[in-house]
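Dear colleague,

Please find below the structure that I am handing over to you.

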Amino acid sequence: MPFPWPLSWRDLLDILLVAVLFYYLGRLMAGTRALNLVRGVMVYLLVWFLASLLGLSTLAWLLGNAATLGAFALIVVFQPELRGLLERIGRAQGPRAPSLALEELLLGLGRLAEKRYGALLALERRTPLGEYAATGEVLEARLSARLLETVFYPGTPLHDGGAILRGDRLFAAGCVFPLSEARMGLGTRHRAALGLSEVSDALVLVVSEETGAIRVAEGGRLSPPLGLEALRQRLKEVLRA
């Protein structure tokens, strides 16, 4: 059957839109387990196609029937990634994050780092963090350095959980964040910071109780230890975005 040429403008538009769709899906999945999932599915489909092409009926039948069950299994196994992907797609239309009490936050982080009080703070941006706030205590308090120092003082009921900053308010504390599967010798706080950054666009700040180092998790990546001035610049970039 000869190739239908020339293509109409509708055909060209169709090809262009499909290419753009796959390009942006690839960008959204970059650095996540979902990218490996796509590669695995492509290999699976290729083997299935070759089995059918070569007349390997038993193998083709097995792969065809396994595909139906496998689709449901993949949805269950990769539910966090699929959810994160859908959130990223809808994030562009969400409201921008309000302003932050920057100097109070930096002052509080400096005190926490100096005293080596472990801390975990998520700066809410376009992705709502209400479901994680519901796992802790909703405070709706004005953000201040003394309040941060009090919340994360060792031995208090809320110090082991994460805090959520919503604009100029400490919205909630003692919250449970999802743990990342990327271990890399990280403690629970750092894994929780990574985990929340994998499923939302939150900028997550974590203070190590062992070293006092401050690091930032964003987009499933953890920064090296940052000084207060470098952190100030990063937060200013976030507020301008």
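Predicted model: local features only at pLDDT ≥ 70, side-chain atom pairs only at ≥ 80, totals over all residues.

**Nonpolar cores**

The largest nonpolar core holds 26 residues, and the members that touch the most others are Leu105 and Leu121. Elements that contribute two or more residues to this core include the helices α5 (102-115), α7 (145-151) and α9 (228-240), together with the strands β1 (119-123), β3 (162-166), β4 (169-175), β5 (203-207) and β6 (214-218). Helix α5 makes the greatest contribution, with six residues. There is also a second, separate core of 21 residues, and Leu129, Phe171, Ala172 and Val206 are among its members. As background, nonpolar side chains in soluble globular proteins tend to be buried together.

**Aromatic pairs**

Two aromatic pairs were found in a search of the whole structure. One of them joins Tyr117 and Tyr153 edge-to-face, with 5.5 Å between the ring centres and 85° between the planes. Tyr117 sits in the loop between α5 and β1 and Tyr153 in the loop between α7 and β3, so this pair ties together parts that are 36 residues apart in sequence. Tyr117 has a relative accessible area of 14% and is therefore buried, whereas Tyr153, at 45%, counts as partly exposed.

The other pair consists of Tyr132 and Phe177, which are also edge-to-face, at 6.3 Å centre to centre and with 85° between the planes. Because Tyr132 belongs to helix α6 (residues 130-133) and Phe177 to the loop between β4 and α8 (188-199), the pair ties together parts that are 45 residues apart in sequence. Both Tyr132 and Phe177 are buried.

Glu124 is buried, with a relative accessible area of 8%; Arg166, at 30%, is partly exposed. Arg166 also lies over the face of Phe171, at 3.9 Å from the ring centre. Phe171 is one of the residues of the second core mentioned above.

**Other salt bridges**

Ten salt bridges are present in the structure. Asp160 and Arg189 form one through their side chains, at 3.7 Å from N to O. Asp160 is in the loop between α7 and β3 and Arg189 is in helix α8, so the pair ties together parts that are 29 residues apart in sequence. Asp160 is exposed, at 57% relative accessibility, while Arg189 is buried, at 13%.

A further salt bridge joins the side chains of Arg234 and Glu237, with an N to O distance of 3.2 Å. Both residues belong to helix α9 and stand three residues apart, about one turn of the helix.

Where does Ser208 lie? Ser208 is in the loop between β5 and β6, and it is buried, with a relative accessible area of 8%. A polar atom of the Ser208 side chain is 3.2 Å from the backbone nitrogen of Glu210. If neighbours within four places in sequence are set aside, Ser208 is in contact with Arg116, Gly118, His190 and Ala213.

**Backbone angles to inspect**

Arg116, one of these contacts of Ser208, has a phi near 55°, a positive value in a residue other than glycine. Arg116 is in the loop between α5 and β1 and is partly exposed, at 46% relative accessible area. Glu140, likewise not a glycine, has a positive phi of about 50°. Glu140 is in strand β2 (residues 137-142), and its relative accessible area of 40% makes it partly exposed.

With kind regards

Terms used: Residues numbered from 1 in each chain as written. Heavy atoms only, no water. Core = buried A, V, L, I, M, F, W, Y, C linked by side-chain atoms within 4.5 Å. Buried < 20%, exposed > 50% of the residue type's maximum accessible area, 1.4 Å probe, protein only. Helix = DSSP H or I, 4+ residues; strand = E, 2+ residues; numbered from the N terminus. Phe/Tyr/Trp six-rings, centres within 6.5 Å; stacked < 30°, edge-to-face > 60°. Lys NZ or Arg CZ within 6 Å of the ring centre and 35° of its normal. Salt bridge = Lys/Arg side-chain N within 4 Å of Asp/Glu carboxyl O. Polar contact = N/O pair within 3.5 Å; in protein donor to acceptor, adjacent residues only side chain to side chain. Contact = heavy atoms within 4.5 Å.
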